[in-house]
Amino acid sequence: MRPSPKVVFLVLASLCAWYSGYLLAELIPDAPLSSAAYSIHSIGERPVLKAPVPKRQKCDHWTPCPSDTYAYRLLSGGGINKYAKICFEDDLLMGEKLGNVARGINIAIVNYPKTDLHPPIDNSGPMIKFIQSAPPKSLLFMVTYDDGSTRLNNDAKNAIEELGSKEIRNMKFRSSWVFLAAKGFELPSEIQREKINHSDTKNNRYSGWPAEIQIEGCIPKEPS
């Protein structure tokens with residue numbers, strides 16, 4: 001006597017159910033039920049792609065400088081607790097960490113690889129001599145912290161103006177100012193050399209001080 005179609009169907013369905021359960025057990029033999037349910041749920045989901053952590057560039061630039069250039073970054077002070085910084089080729093020449101930033105105009109002369117630093121003092125005379133002592137083919141970086149104008153006499157302004165400054169005579173009490181100059185050669189025209197931000201009681205970021213300002217860029221290694 002042949003089995004009825006219904007009996008055959010039930011047997012086949014039971015075998016399929018048993019085999020499916022066996023395969024599932026083999027695929028996730030040790031996982032708890034909750035993990036198995038999560039795995040099944042996540043099969044149809046797209047994988048989450050995470051962007052790689054950006055590589056840090058010299059002087060904290062967003063993009064790297066070409067290999068035939070020097071990276072620099074000048075940051076003025078801003079408020080009593082925001083110290084000025086001078087960075088060249090990822091070397092911090094002046095900054096709070098070094099403890100060599102003071103009130104006034106902070107100056108670094110770079111005749112790579114040699115670097116000379118001039119901490120601010122009340123007398124403009126030594127500052128003029130320091131600027132004039134810069135050797136040919138050297139770079140001069142200047143940044144203010146707190147106030148750089150009160151004790152700056154006319155001779156000092158002339159010395160800085162001769163280096164190409166357009167803003168030194170516009171500097172006011174507690175103006176934020178940064179300046180890049182070259183002695184004995186011309187910088188490329190596209191390089192930003194100077195920036196200034198005046199103190200304004202209505203727009204100051206800090207109490208009595210304007211916001212800090214900065215310029216950065218890449219300087220060709222072979223001066224023109």
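Ground rules first. Residues are numbered from 1 along each chain as its sequence is written, and side-chain values use heavy atoms, with hydrogens and water left out. Because the model is predicted, local features need pLDDT of at least 70 and side-chain atom pairs count only at pLDDT 80 or more, while totals for chains, interfaces and linings use all residues.

Let's start with the core. A nonpolar core here is a set of buried Ala, Val, Leu, Ile, Met, Phe, Trp, Tyr and Cys residues joined through side-chain atoms within 4.5 Å. Buried means under 20% relative accessible area, exposed over 50%, partly exposed in between, with a 1.4 Å probe and protein chains only. The largest such core has 24 residues. Those with the most contacts inside it are Tyr72, Leu74, Ile86, Phe88, Leu139, Phe141 and Leu180.

Where do these residues come from? Seven strands each supply at least two residues of this core: E1 (69–75), E2 (85–88), E3 (91–94), E4 (104–111), E6 (138–145), E7 (176–183) and E9 (214–220). Strand E6 gives the largest share, four residues. Strands (E, at least two residues) and helices (H or I, at least four) are DSSP runs, numbered from the N terminus.

Take Ile86 as one example. Contact means heavy atoms within 4.5 Å. Leaving aside neighbours within four places in sequence, Ile86 is in contact with Arg73, Leu74, Asp91, Leu92, Leu93, Met94, Asn106, Ala108, Phe141 and Val143. Apart from this core lies another, of 21 residues, among them Ile107, Leu152, Leu163 and Met171.

Next, helix H4, residues 154–162. Its buried residues are Ala156, Ala159 and Ile160. Seen down the axis of H4, they fall within an arc of 95°, so they line one face of the helix. That arc is taken over the directions from the helix axis to the C-beta atoms. The general point is that an α-helix has 3.6 residues a turn, so residues three or four places apart point the same way. On the other side of H4, Asp155 and Glu162 are exposed. The buried residues of H4 pack against E4, helix H3 (124–132), E6 and E7.

Now the two ends. At the start of H4, a side-chain oxygen of Asn153 reaches to within 3.2 Å of the backbone nitrogen of Asp155. Just after H4, Gly164 takes a positive phi of about 115°.

On to His61. His61 sits in the loop between helix H2 (33–42) and E1. Is His61 buried or exposed? His61 is buried, at 9% relative accessible area. A polar atom of the His61 side chain lies 2.9 Å from the backbone oxygen of Tyr72. For polar contacts, the rule is a pair of N or O atoms within 3.5 Å; within protein, one must be able to donate a hydrogen and the other to accept it, and residues adjacent in sequence count only if both atoms are side-chain atoms. Neighbours within four places aside, His61 is in contact with Ala71, Tyr72, Glu216, Gly217 and Cys218.

Aromatics next. Rings of Phe, Tyr and Trp (its six-membered ring) pair if their centres lie within 6.5 Å; planes under 30 degrees apart count as stacked, over 60 as edge-to-face and the rest as tilted. The count comes to five aromatic pairs. Tyr70 and Phe88 form a tilted pair, 5.2 Å centre to centre, with 45° between the planes. Tyr70 lies in strand E1 and Phe88 in strand E2, so the pair ties together parts that are 18 residues apart in sequence. Tyr70 is buried at 13% relative accessibility, and Phe88 is buried at 3%. Tyr83 and Tyr145 are stacked: 4.9 Å centre to centre, 15° between the planes. Tyr83 is in the loop between E1 and E2, Tyr145 in strand E6, 62 residues apart. Tyr70, Tyr72, Phe88 and Phe141 form one aromatic cluster.

Last, disulfides, meaning cysteine sulfur atoms within 2.5 Å. There are two. Cys59 and Cys87 have their sulfur atoms 2.1 Å apart. The torsion about their S-S bond is about -85°, so this disulfide is left-handed. Cys59 and Cys87 are both buried. Cys65 and Cys218 have their sulfur atoms 2.0 Å apart. Their torsion is about -80°, so this disulfide is left-handed too. Cys65 is in the loop between H2 and E1, Cys218 in strand E9, 153 residues apart. In sequence order of the bonded cysteines, the pairing is 1-3, 2-4.
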